[in-house]
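Here is a short report on one protein model. Keep the sequence and the 3D view open as you read.

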Amino acid sequence: MNFDTSQKILITHALHTENALRGELQQLGYKVIGRDRLNVSVNGTLKDAIRLNLKLRTAHRVLYHLNTFKAFDLGRLYKKIKGYDWTDIIPLNGYFSINSYSNQKGIRDNRIVNLKVKDAIADHFMEAKGERPDSGKDSSQLSLFVYWVDNTCSVYIDTSGESIAKHGYRLEGWKAPLSEALAASIIVNTGWDSKSPFINPMCGSGTLAIEAALMASKRYPGLSRSNYSFMHINGYDSAYYKEVKKEIEDQVTDQDLPQIIATDIHAGALRAAKANAKWAGVLDLIQFSRCKFQDTLMVGEGGIVIMNPEYGERMGQVDQLKPIYGHIGDFFKNDCKGRTGYVFTGNPELAKSVGLRTKRKLPFLNAMIECRLLEYELYEGTKKLSRKPDRYSPS
Ligand SMILES: C[S@@+](CC[C@H](N)C(=O)[O-])C[C@H]1O[C@@H](n2cnc3c(N)ncnc32)[C@H](O)[C@@H]1O
């Protein structure tokens, strides 16, 4: 396959993370030409898709467009797919997997679409070559994605395969870790400058602090991953991938880095956070310590203090957590002046207990729960922090 042909590239993302992804694309020099609810598109070649896979922090998948056609039923879908030249894309001795999304009338289960597309590709090979590549559910080799909506079907190479939302450093889990792409999107949305202090009490398994360290030291996700779907396309030549990999290795800098502090009350959380940071190559860039969030070392001036407290699922848990959110408000007010405070939480009732006026509330989705990133401007000097009257009152 020709890796220099320009096509539409669709980049998928989680709900509410479009702005962060757009910001990244702009920085990398790509112009967004379209958007849908959970994706944005740019124009580019397969080489661009390689670059985007290695560099994007907030994306989920990079899909390279192959073909779009009208299809009213499975029969027509089969015919159009079978008529496409798959021998150019899938190596005869290769392996491919299919994923799809469809809202077509009568399609209740996307697996039937996957099966029809797989059969059409296999039949194309049998007619053209008398043999066919293997296929199945394993997305660690060549992945295809079929988007069949309102009688229009678009077929893409999913050049990522396994999602690039995972950045490859999470060895040890801890309570409710954020996804790596979500943590990166949260940081981009704070507007943190990668120079001023980044203070992360209640760090858990360290995702926010690790993503901050990766960003500040220009370590891109492609550094810690060595297999992508694009590597399994027919005619793949590793020269361009190696070029981009070398480019991102050369960009890594450990000079003039900001102070990044990560603390947690639990030894297990710190153990996980340190193991993950070590695997991500940023252990030395983060100062970890075990303490109550109020005892976190407040280094330098300005910057951000960002916390992701537990938000509880049952009523009893929520009641127990209310005072903690109140103490976060006290901590912000007394110890974080001159900085910008952030609380990432999935419970608006608990958020009220912080008791400070929010400057911004940004929506996110975490593990299917609607969450908010709450921003608090923590003025220094004479400007008083405004306190809401209802802070500890039961709701
Ligand atoms: C929801 S988890 C944070 C998850 C984290 N964002 C991640 O990606 O792994 C909340 C963390 O707050 C910590 N924590 C709870 N109460 C605390 C307190 N009073 N002081 C410091 N840490 C606390 C817990 O140990 C837990 O690791």
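## Two crossing helices

Helices α5 and α6 are roughly perpendicular to each other, because angles of 65 to 115 degrees count as such. This is a predicted model. The axes of α5 (residues 180–190) and α6 (residues 207–216) cross at roughly 70°. They come within 9 Å. The crossing is right-handed.

Which residues make the contact? From α5 come Glu180, Ala183, Ala184, Ile186 and Ile187. From α6 come Thr207, Leu208, Glu211, Ala212 and Met215. The residues of this contact divide into 7 nonpolar, 1 polar and 2 charged.

## The sheet

Now find the open sheet of 7 strands. Its order is β11-β10-β9-β12-β13-β15-β14, and the pairing is mixed. Strands β11 (287–290) and β14 (360–366) stand at the edges. Each has a single partner strand, so one side of each has no neighbour in the sheet. On average, neighbouring strands are turned by 20° against each other, direction ignored.

Helix α8 (residues 267–280) packs on this sheet. It touches β10 (260–264) and β11. The direction of α8 makes about 165° with that of β11.

Strands of a sheet pair through backbone hydrogen bonds, either parallel or antiparallel. Strands β9 (residues 198–200) and β12 (residues 304–307) run parallel, joined by 2 bridges. Phe198 stands opposite Ile304 in β12.

## Around the ligand

Which residues come nearest to the ligand? Of the 20 residues around it, they are Pro177, Met202, Gly204, Ser205 and Thr207. The shell divides into 11 nonpolar, 5 polar and 4 charged residues.

Note on methods: Residues are numbered from 1 along each chain as its sequence is written. This is a predicted model: local features need pLDDT of at least 70, side-chain atom pairs count only at pLDDT 80 or more; totals for chains, interfaces and linings use all residues. A residue is near a molecule or strand if its C-beta atom, placed from the backbone, lies within 6 Å of it. Ala, Val, Leu, Ile, Met, Phe, Trp, Tyr, Cys and Pro count as nonpolar, Asp, Glu, Lys and Arg as charged, and the others, Gly among them, as polar. Axes are lines fitted to C-alpha atoms, for helices over the stretch in contact, and angles run from 0 to 180 degrees between N-to-C directions. Helices (H or I, at least four residues) and strands (E, at least two) are DSSP runs, numbered from the N terminus. Angles under 35 degrees count as roughly parallel, over 145 as roughly antiparallel, 65 to 115 as roughly perpendicular and the rest as oblique. A crossing is left-handed if the near helix is turned anticlockwise from the far one by less than a right angle, and right-handed if clockwise. Two residues are in contact if their C-beta atoms, placed from the backbone, lie within 7 Å. Two strands pair if DSSP finds at least two bridges between them.
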